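Here are my notes on this model, as numbered points. Please read them with the structure open.

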Amino acid sequence: MTVVIEAKNLSKSYESVIREKGLKGAVKSLVSKKTKTIQAVNDISLSINKGEIVGYVGPNGAGKSTTIKMLTGILKPNQGSVQICGIDPFKNRTENAMNIGVVFGQRTQLWWDLPISETYELLRRMYQINDKVYKQNLNDFIEILELETFMSRSVRQLSLGQRMRAEFAAALLHNPKVLFLDEPTIGLDIEVKKNIRKFIKRINDERNVTILLTTHDMKDIEELSSRIVVINHGELIFSGDSQQMSKKFDAKKTIICHLSELVFEEQINLSEYRKQGIQINIDKYSIIIKIDATLPVSGLISKLIEQFPIVDIDIQGPLIEDIVMEAYHV
Amino acid sequence: MYKSFKATMLKYKALTSCKIQETMTFRFGFFTSFIASLVQTFVMLYVWNEVFSQKQTIMGFDKSQMLTYLVVSQCLNAIYGWYNATERNISARIKSGDIVLDLVKPINFNFARFYEGIGMTIIQIIFSGCVLLLFIVFNPSVATPTSFMHFIAFLLSAFFGYVCMFSISLITGLLSFVISGYWGLYYLKKAIIDLLSGALIPIGLLPLVLQRFADYLPFKNIIYTPTMIYMGRISINEIVKQMSIQVIWAFILWQLCKYFYRIMIRRVTINGG
Amino acid sequence: MGVKHYFKLWIIFLSCNLQSKISHKLDFILGILATIFMQGCSFIFLWSIFSQIDVLSGWSFYEISILFGYISIANGLEEIFLNGTWELPGIYIRRGELDRLLTRPVNPLFLILANCMELHGVGSFLFGIVIMIHSFVQLGASLSFVNILFVFISIISSTVIFFSINLITGTLSFWVTDSMPAMVMVQRLNQLGQYPINIYNKVIKFVLTWVVPFAFVSYFPVDFILNSNMLGLFSPIFACVFFSLAYSFFKLSLKRYESAGG
């Protein structure tokens with residue numbers, strides 16, 4: 001297992017300007033400047049292996065973009081070290097640039113007034129991509145991402161979904177070993193999101209590209225990541241796969257039993273169940289059970305079926321959303 | 001009636017106050033933006049200094065009169081905002097589509113921009129006024145207004161000049177739905193107006209051909225007329241006549257604003273912003 | 001990443017820029033008109049003054065026109081090829097597009113310049129050339145081959161100095177929120193270079209020569225051609241030194257940007 005991204009004890013702090021409210025404050029700020037030190041990232045270590053897709057989540061302001069900037073060589077950490085494919089992104093910027101590709105969900109690298117082919121030509125020259133490799137990649141991406149339909153139109157005329165697809169192709173033309181995705185599915189409609197996810201999975205499978213993905217869309221995490229890293233207040237809260245995450249954050253399954261008759265609280269020994277860690281709520285014609293996601297439910301359900309006239313059962317697995325929200329509140 | 005007027009005034013006052021705050025946010029930019037307009041003044045000061053070391057009078061202006069003209073006209077020019085944010089804002093908002101936010105607000109678009117503009121202008125006025133005072137105090141060549149009446153007339157005239165200038169800026173801002181970048185149109189307009197408004201040089205000194213142009217265009221009103229009133233170089237009759245012309249032009253230009261505004265709305269609502 | 005590679009890359013950028021500008025014809029034409037009028041109106045001011053006098057500080061109308069020409073040409077060339085510095089405060093630093101540049105295997109300053117070519121600089125350039133040639137002809141100056149060679153070289157060095165000044169003021173936005181007004185203000189000082197510097201007082205002369213060296217953009221080179229002022233001969237060397245100063249400042253600021261964060 002080769003380690004592709006190795007970050008050790010990364011720390012970063014900012015100076016932020018404080019300003020008072022109103023007109024008076026504005027005038028004051030003209031003459032004096034007060035600053036406050038903010039610790040954006042505090043002692044974060046990450047180790048990502050080749051071919052992994054790692055989902056990087058955290059609430060806004062948690063330090064996600066700061067970490068990403070440090071990993072891509074844009075920002076120098078106050079403390080700690082970074083190695084991408086064994087290269088320090090600061091000392092060897094050019095070498096590192098050849099190995100990485102970046103997609104910013106909110107920004108574009110495509111020339112606005114020109115068709116995407118012009119940007120691709122530019123990138124070909126910039127990354128000195130071998131002719132054969134370039135043609136092969138271009139044809140592959142045109143086919144997989146269905147770029148043919150809008151290749152001749154200028155970027156300003158494209159929809160967000162089309163632009164995103166072109167954006168991905170642009171980032172991968174030079175066969176980077178590592179791909180950084182910063183909110184790649186933001187603002188896209190459901191179908192385009194699905195296709196983008198399919199594409200990401202595919203290039204990960206076929207080309208073994210290591211991917212670090214930051215997102216607020218939990219479905220991205222669910223469908224793509226082999227591992228999840230949660231960060232909050234600049235600190236690493238959790239790193240592991242979804243199973244481990246369920247365990248650690250006390251993820252709960254929800255079972256809703258629909259009854260044909262009214263049920264009352266006195267009919268169930270709620271305290272007995274509570275001792276086992278099972279939470280039960282009664283709501284007229286339904287019994288709502290919250291139980292630890294890792295525990296089996298068949299025994300409990302058969303008991304309830306004996307006792308009550310149950311006509312339907314809904315079982316809802318732990319939502320990544322809920323787990324992550326739990327993690328945010330740690 | 002009074003209540004609704006008061007409410008309107010408060011609305012606009014809020015806009016003005018916000019604009020003042022916004023302007024002061026970027027402190028470094030604020031100071032240099034003002035100082036920049038001093039550069040042109042200085043260049044011309046030195047050039048005229050050199051010129052008058054050779055000749056006593058030029059076209060009826062002696063050295064101190066030319067200096068007075070220079071300082072007053074440049075102060076007015078600075079107030080009208082060479083770095084005119086009105087156009088930039090409108091143009092940027094049309095481009096980004098944010099303009100629709102302004103269109104749904106319960107304020108008259110043109111007036112709203114006008115009051116925003118005043119917000120920025122007030123600061124300019126304070127600074128320019130200080131500069132003028134400094135010149136008057138420290139440089140005996142620069143004269144005070146010929147009389148109090150002249151000063152009042154000057155203020156009135158400057159106000160109408162301001163309305164003209166503002167309307168022109170508003171129109172060029174609205175025209176940016178036709179062109180992609182506002183840069184070309186703005187600097188083209190600025191160059192022509194600088195020349196024909198008297199900001200660069202008293203109209204009387206321009207080549208005759210251009211003087212004819214200047215007479216038929218509204219630009220002369222903006223700087224040349226108020227400055228000449230300040231210096232008392234125009235007789236009372238002429239003052240009344242020139243100011244009437246100013247008022248007429250101000251009115252025409254404001255109507256043009258309304259016209260272009262309607263066109264812009266049509267364009268925006270048809271094309272979806 | 002050799003020179004050849006950079007040159008080929010630059011050609012593609014040029015092609016993209018051209019295509020981009022041509023797609024906005026009206027803008028392009030307005031831009032060229034704007035630059036022509038801007039220079040033209042300044043020139044009319046000069047003309048108006050000379051309709052009243054014959055000589056300004058010992059310089060005739062056509063001699064000063066050559067100064068005008070030099071500034072226009074340097075301005076125009078800078079706008080066409082080296083205009084990227086103007087996008088530094090707003091687009092690259094404030095909006096954060098600089099980050100993307102830092103992930104590329106190419107020198108960031110090169111990318112900043114190559115990305116932005118304002119072809120309307122052609123207006124200033126042509127205006128300056130026309131004025132300059134016309135003035136030389138009117139002066140009846142017989143230019144030796146060496147002098148003509150010097151004209152070419154000094155035009156390039158003037159452009160480099162012009163650009164370096166903007167590079168320094170643009171780089172200030174790494175240290176201060178928005179240095180755009182400072183950029184414009186300093187840029188405006190080039191108007192001072194349209195006249196022989198002897199009309200200014202000692203302080204301004206000093207500033208124009210050694211701090212914001214617009215005097216080396218127009219006055220000294222022209223003074224060398226017309227009056228054999230030896231300082232003008234050194235303007236190309238001055239340009240090299242000044243540029244390396246500016247570039248070092250840029251590199252230093254970039255390092256600080258990476259340390260302190262956007």
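1. How many bridges join β3(A) to strand β8 of chain A, and do these run parallel or antiparallel? There are 4 bridges between β3(A) and β8(A), residues 227-232, and the two strands run parallel. Within this pairing, Val54(A) sits opposite Arg227(A). Note that the model is predicted.

2. β3(A) has another partner. Strand β7 of chain A, residues 210-214, pairs with β3(A) in the parallel sense over 4 bridges. Here Tyr56(A) has Thr214(A) as its bridge partner.

3. Next, the cover over β3(A).

4. Now chain C. Its secondary structure comprises 13 helices and 2 strands. The C-alpha trace spans about 55 × 40 × 35 Å along its principal axes. The radius of gyration of chain C is 19 Å; this agrees with a compact globule, because 262 residues in that form would give a value near 18 Å.

5. Packing in chain C. Of its 262 residues, 60% count as buried. Among contacts with a separation of 6 or more, 76% link residues 24 or more positions apart.

6. The chain exposes about 10300 Å², with 71% supplied by carbon and sulfur atoms.

Conventions
Residues numbered from 1 in each chain as written. Chains lettered and ligands numbered in written order. Predicted model: local features only at pLDDT ≥ 70, side-chain atom pairs only at ≥ 80, totals over all residues. Heavy atoms only, no water. Rg over C-alpha atoms; globule rule 2.2 N^0.38 Å. Buried < 20%, exposed > 50% of the residue type's maximum accessible area, 1.4 Å probe, protein only. Contact = heavy atoms within 4.5 Å. Areas by Shrake-Rupley, 256 points an atom, 1.4 Å probe, with all protein chains shown as cover. Pairing = 2+ DSSP bridges.
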